[in-house]
Amino acid sequence: MKKLVVLSGAGISAESGIKTFRDNGGLWEEHRVEDVATPEAWIRDPELVLKFYNERRRQAMNVKPNRAHFVLAELEEHFDVSIITQNIDSLHELAGSSKVVHLHGELFKSRSTRDPDLVYPIEGWELKTGDLCAKGSQLRPHIVWFGEQVPMMTVATQITEEADIFVVIGTSLAVYPAAGLVYYVRNEAPIYLIDPVQPDITLSKKMKFIKEKATVGAEILFDELIKVA
Ligand code: APR
């Protein structure tokens with residue numbers, strides 16, 4: 001089976017009702033990254049950071065995967081599919097995708113502030129001051145904040161290098177190192193970009209830009225890939 005690797009971003013979840021970050025009305029217009037999504041913010045005002053992610057979690061509890069998530073799951077019948085997502089929601093898993101790497105962490109998990117190996121599921125939407133890990137330290141959201149290392153980058157790079165086909169869907173490609181993954185795709189492997197707006201990348205011959213929303217673009221991709229499978 002050919003290896004199909006997908007890099008997804010906030011745009012794939014937009015039609016499920018989750019806001020993107022950099023579009024008009026996006027999350028980073030309402031909140032300053034420096035206030036809620038950096039290690040410094042956590043030190044300065046952990047309550048504000050917890051509140052921000054509690055709100056994200058509360059919203060994410062009520063959303064469902066859309067057609068684009070389901071199409072990527074259905075592609076497993078034809079390809080060995082790996083999903084590398086920058087999203088912290090669980091919509092790829094809920095749609096049935098079996099191999100999902102979360103580059104920027106997971107909204108429904110918490111992590112010890114003392115031992116990064118202590119990761120716990122969050123039941124419900126709220127993570128509070130006083131919620132402690134097994135070693136007695138405060139739990140933080142299991143999110144990769146701006147300025148932090150991206151531990152899953154090594155495995156994501158390996159997966160990308162093995163791709164026979166690479167798909168980029170719903171990401172502005174504005175944030176590194178994730179955006180740099182496209183440069184690890186082998187020369188022979190075609191790259192499909194699905195986005196209503198062209199991401200900030202120079203299109204090369206091996207790239208095919210599908211200028212559509214994720215739900216429509218995913219169906220077009222499916223039809224095109226099944227022809228070559
Ligand atoms: N279908 C597909 N793409 C869409 C849709 C849609 N319905 N709606 C918007 N988009 C596209 C936008 O055109 C844009 O290219 O999704 C992209 C969203 O870009 P960003 O908001 O920058 O989100 P993303 O690329 O996932 O951000 C990367 O930045 O803030 C951090 O950690 C956060 O993981 C996030 C990272």
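The centres of domain 1 and domain 2 sit 25 Å apart, going by C-alpha atoms. Eleven residues from domain 1 and nine residues from domain 2 make up the contact. Keep in mind that this is a predicted model.

- Domain 1 is pieced together from 1–18, 65–104 and 150–229.
- Domain 2 takes 19–62 plus 107–143.

**Where the domains meet**
- About 790 Å² is buried between domain 1 and domain 2, and carbon and sulfur atoms give 68% of that.
- On the domain 1 side, A10, I18 and I88 supply 56% of the area buried against domain 2, more than any other three residues.
- Polar contact between the two domains comes down to one residue pair, with both residues at pLDDT 80 or more.

**The sheet**
- Six strands form an open sheet with parallel pairing, and they run in the order β3-β2-β1-β7-β8-β9.
- At the edges you'll find β3 (100–102) and β9 (207–210), each pairing on one side only.
- Neighbouring strands here are turned by 15° against each other on average, direction ignored.

**Around β2 and β3**
- Strand β2 (residues 80–85) pairs with β3 in the parallel sense, over three bridges.
- I84 has V101 in β3 as its bridge partner.
- Helix α8 (residues 153–161) packs on the sheet and touches β1 (3–8), β2, β3 and β7 (165–169).
- The direction of α8 makes about 140° with that of β2.

How values were computed. Residues numbered from 1 in each chain as written. Predicted model: local features only at pLDDT ≥ 70, side-chain atom pairs only at ≥ 80, totals over all residues. Heavy atoms only, no water. Pairing = 2+ DSSP bridges. Helix = DSSP H or I, 4+ residues; strand = E, 2+ residues; numbered from the N terminus. Axes fitted to C-alpha atoms, helices over the stretch in contact; angles between N-to-C directions. Contact = heavy atoms within 4.5 Å. Domains from an automatic or database assignment. Buried area = accessible area lost by both parts, 1.4 Å probe. Polar contact = N/O pair within 3.5 Å; in protein donor to acceptor, adjacent residues only side chain to side chain.
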